[in-house]
Amino acid sequence: MCLGVPGRVVAVHGRSATVDFWGVRRETRLDVIDEPVQPGDYILNHVGFAIRKIPAAEIAETLALYEQLLREAEGDMMAADVRTEIAAAHDGAPPEGSRGV
Amino acid sequence: MASDLALSAAERELKFRDPAKARALTGALERLCRDIGREPVSVMHVCGSHEQSIAKYGLRAILPRALNVIMGPGCPVCVTDVPEVDEAVVLAEDGVRIATYGDMLKVPGTSKSLADAQAAGAQIDVVYSAAQAVELARDTTAPVCFFASGFETTAVATAAVVLADPPPPPNFSILSAHKYIPPVMEIVAEMPGTRVEGFLAAGHAATITGWRIFERFVERHRIPVVVAGFEPLDILAGLVKLVELVRDGTPRVENMYPRCVTPDGNRNAQRQLWRVFRTTGGRWRGIAHVPNGNLRLRDEFAWIDARRRFAIDVRRLWTHAPSALTQVCICGDIMAGIASPHGCPLFGKECTPDTPVGACMVSSEGTCKIWHQYGGHPDL
């Protein structure tokens with residue numbers, strides 16, 4: 001659970017954002033991140049919340065680590081944690097109350 | 001040299017993206033340990049993901065023999081105390097729908113786990129996020145309680161749903177088992193059997209808190225702290241810096257994960273965390289009473305605090321004595337760094353991930369479960 005997972009912001013709607021995690025699009029909350037994000041930015045998602053923006057210079061290195069993990073078998077513990085972090089983002093439409101804030 | 005042989009064998013396993021760098025780092029660790037000239041040099045990390053990475057990539061096989069890297073109380077599920085599980089079980093039995101992170105289901109209480117309560121008909125939902133627990137409550141009129149575990153990094157998400165606009169619905173409450181890491185480092189540093197000479201701090205927790213939070217600890221205990229990431233090379237680089245500080249007798253905080261961690265961390269997250277939670281003393285399972293180690297909802301959030309909203313009487317669970325196997329479990333000693341899973345007579349025998357006796361075998365962040373999956377301390 002400590003790992004979090006990086007994703008690319010596709011769209012921002014108030015306090016949530018649609019984020020792409022290797023082709024899986026989910027809603028991530030923006031309540032706790034401490035800087036504005038816009039489409040194209042990469043964020044680190046932890047239990048459904050973006051906790052930081054990944055600086056541009058660090059994106060490739062960060063993604064490489066996770067891509068290596070996601071190639072692991074289904075039962076691998078670290079890979080499972082990463083998949084759990086993806087599942088933690090909200091599935092589907094932006095949650096109620098996230099617009100117009 | 002033996003270490004070179006070990007490394008070349010390990011390299012094939014490790015899939016280091018930069019084997020030359022890994023070799024340079026382990027070489028540096030060998031030199032530093034030789035300089036120190038005694039063993040063991042014991043350092044501790046407090047993060048399940050660090051242990052997963054160390055075990056998965058077999059790092060202990062390429063570390064100097066003199067260097068002992070211990071996992072401390074870095075698994076929030078594992079340190080959730082028995083009475084906290086009992087509270088959730090009682091609520092569940094009384095008809096409150098419990099939403100919680102998956103690892104919490106099998107954590108043993110005095111006589112039952114949440115999984116036991118579920119098998120007996122209680123409604124328990126696994127969620128991946130506090131926000132999903134709120135969504136569950138919105139879809140029903142029944143009382144829904146989020147049994148919240150995790151260290152400060154995860155507590156931030158719980159705080160955010162409490163402060164959200166619109167607020168959670170009135171049938172939603174929170175039973176906080178959140179824990180705060182800095183105070184337990186003080187406890188473990190003082191434990192006579194542990195003799196920790198340095199701490200490796202978890203990169204993503206420090207993303208929230210910032211690395212300066214460890215300065216007070218270093219001043220008090222004269223033990224260095226190095227913030228490190230999760231990649232095998234990040235961990236090796238963190239260990240090199242940590243052992244260097246041990247050798248030089250210059251305790252200070254060093255940030256070896258600058259691509260993620262700043263001096264002051266995420267202030268917006270900290271503001272929400274401390275607006276909603278206060279620290280209070282409490283037991284960490286198997287370890288000790290930890291002053292300021294628990295995060296509890298502040299008085300002004302009594303309206304969402306399950307402990308204020310419900311009369312939770314856990315005494316009815318005390319009719320059965322804990323099982324005999326539980327008495328043998330040494331999870332506490334393992335988390336305090338005094339013992340390793342291989343020192344437990346139950347490890348891999350009576351206690352497995354399918355039939356866990358202790359909480360360390362339940363959670364994917366627990367030392368025993370990690371060692372059971374990856375092997376933890378390969379024979380050299």
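1. In which sense, left-handed or right-handed, does α2(B) pass α12(B)? The model is a predicted one, and in it the crossing of α2(B) past α12(B) is left-handed. The axes of helix α2 (residues 19-36) and helix α12 (residues 232-248) of chain B come within 9 Å and cross at roughly 20 degrees. Because angles under 35 degrees count as roughly parallel, α2(B) is roughly parallel to α12(B).

2. The residues behind this packing can be named. On α2(B), the contact is made by Lys21(B), Ala22(B), Leu25(B), Thr26(B), Ala28(B), Leu29(B), Leu32(B), Cys33(B), Asp35(B) and Ile36(B). On α12(B), the contributors are Leu233(B), Leu236(B), Ala237(B), Leu239(B), Val240(B), Val243(B), Glu244(B), Val246(B) and Arg247(B). By class, the contact of α2(B) with α12(B) comprises 14 nonpolar, one polar and four charged residues.

3. A second pair in chain B is formed by α3(B) and α17(B), which pack at an angle of about 20 degrees with their axes 9 Å apart. That angle makes α3(B) roughly parallel to α17(B). The crossing of α3(B) past α17(B) is right-handed. Glu51(B), Gln52(B), Ala55(B) and Lys56(B) of α3(B) meet Thr367(B), Ile370(B), Trp371(B) and Tyr374(B) of α17(B). The contact of α3(B) with α17(B) has four nonpolar, two polar and two charged residues.

4. Chain A contains two helices and five strands, arranged along the sequence as β-β-β-β-β-α-α. Of the 101 residues in chain A, 49% are buried. Among contacts in chain A between residues at least 6 apart in sequence, 50% join residues at least 24 apart.

5. How do the helices of chain A pack, and at what angle? Helix α1 (residues 59-70) and helix α2 (residues 77-88) of chain A pack at an angle of about 115 degrees, with their axes 8 Å apart. This makes α1(A) roughly perpendicular to α2(A), and α1(A) passes α2(A) in a left-handed crossing. Tyr66(A), Leu69(A) and Leu70(A) of α1(A) touch Met78(A), Ala79(A) and Val82(A) of α2(A). The contact of α1(A) with α2(A) divides into six nonpolar, no polar and no charged residues.

6. The contact between the chains takes 40 residues from chain B and 29 residues from chain A. On the side of chain B that touches chain A, the elements giving two or more residues are α3 (48-56), α7 (130-138), α8, α10 (203-209), α13 (267-276) and α17 (367-374) of chain B. That side of chain B has 15 nonpolar, 16 polar and nine charged residues.

7. Helix α8 (residues 152-163) of chain B deserves a separate remark. At 1.5 Å a residue, its 12 residues should span 16 Å, and the end C-alpha atoms are 16 Å apart, which agrees. The helix α8(B) is mostly covered, with 11 of its 12 residues buried. Among the buried residues of α8(B) are Glu152(B), Thr153(B), Val156(B) and Val162(B).

8. Pro166(B) lies in the loop between α8 and β6 (172-176) of chain B. Is Pro166(B) buried or exposed? Pro166(B) is exposed, because it has 8 other C-beta atoms within 10 Å, and a residue counts as exposed at 12 or fewer. Pro166(B) and Arg315(B) are 149 residues apart in sequence and 37 Å apart in space, C-alpha to C-alpha.

Conventions. Residues numbered from 1 in each chain as written. Chains lettered and ligands numbered in written order. Predicted model: local features only at pLDDT ≥ 70, side-chain atom pairs only at ≥ 80, totals over all residues. Helix = DSSP H or I, 4+ residues; strand = E, 2+ residues; numbered from the N terminus. Expected span 1.5 Å × (residues − 1). Buried ≥ 20, exposed ≤ 12 C-beta atoms within 10 Å, placed from the backbone. Contact = placed C-beta atoms within 7 Å. Nonpolar A, V, L, I, M, F, W, Y, C, P; charged D, E, K, R; others polar. Axes fitted to C-alpha atoms, helices over the stretch in contact; angles between N-to-C directions. Parallel < 35°, antiparallel > 145°, perpendicular 65-115°, else oblique. Left-handed = near helix turned anticlockwise from the far one by under 90°.
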